[in-house]
Amino acid sequence: MHEHLTFDRITDLEKQLSEFTGAPYVIATDCCTHAIELALRISPITKVKLTPYTYVSVPMLFHKLLIDYEFVDEEWNNEYQLHGTNIWDSAWLLKPNMYRKDMIQCLSFGHEKPINNKRGGCILLDNKEQYQLLKKMSFDGRDRDVTWLNEQNFVVGFHYNMPIEHAINCSKLLKEYIAKGNYTSKRPNKFPDCRKITIHDPNVLTISK
């Protein structure tokens, strides 16, 4: 499949999500964790406070990005905010006009989520400059509209774009989800208390030869 036709299918999904959620801009990613990571990378952050009841990949991001963080005793159902930022982990929420003005909301299309695409995510936002930057960052620093062999200026990027087959299936599942009209969801009560876990820096671990 021609590269630009591939982008068209991803763009179609992003337009669907924009219309459904009310977010002016949407960027499809390969997973919610990477969506959150990209959002964190463009945010001026000194410290983050968040619920301890979340997937372990979230505090791992703070270690990876050298961001100070603190757990606060907070329960949540469909989404929670990374306090000190305008970023939301909205992995368990998908409903009409869910977008919050001036926020960055990160969705998941993974296992047991409202749309079970096995893997996938997206970023919802309303800041055009941030959208343009994050769109490039999610795709190896590239401009989707330019063949990379002809491109000379890149931003530091990451291979976090949604694969075409995931975008096609996710688009199909989203249409079915909207047709059913049942938007009630609640995250399962099975997250561990991340205050009780320890995350080790791989550089200090001894690896057996």
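Predicted model: local features only at pLDDT ≥ 70, side-chain atom pairs only at ≥ 80, totals over all residues.
User: Why is the pair of F62 and Y69 called tilted?

Analyst: Across the whole structure, 10 aromatic pairs are found. In the pair of F62 and Y69, the centres are 5.2 Å apart and the planes stand at 35°. Rings of Phe, Tyr and Trp (its six-membered ring) pair if their centres lie within 6.5 Å, and planes under 30 degrees apart count as stacked, over 60 as edge-to-face and the rest as tilted, so this pair is tilted. The rings of W76 and Y80, with centres 5.0 Å apart and planes at 55°, are likewise tilted.

User: What makes F62 buried, and how is Y69 classed?

Analyst: F62 has a relative accessible area of 1%, and is therefore buried, whereas Y69, at 23% relative accessibility, counts as partly exposed.

User: Which residues are linked with W76 and Y80 by ring pairs?

Analyst: W92 and F191 join W76 and Y80 in a cluster linked by ring pairs.

User: How do you know that the charged end of K113 sits over the ring of W92?

Analyst: The charged end of K113 is 4.7 Å from the ring centre of W92, and the rule asks for NZ of Lys or CZ of Arg within 6 Å of the ring centre and within 35 degrees of the ring normal. R100 lies over the face of W88, at 3.9 Å from the ring centre.

User: What makes L50 count as buried, and which residues does L50 touch?

Analyst: L50 has 0% relative accessibility, so it counts as buried. Leaving aside residues up to four places away in sequence, L50 touches V58, F62, Y69, E70, F71, V72, Y80, Q81 and L82, where contact means heavy atoms within 4.5 Å. The C-alpha atoms of L50 and Y80 are separated by 7.8 Å, although these residues are 30 residues apart along the chain.

Methods: Residues numbered from 1 in each chain as written. Heavy atoms only, no water. Buried < 20%, exposed > 50% of the residue type's maximum accessible area, 1.4 Å probe, protein only.
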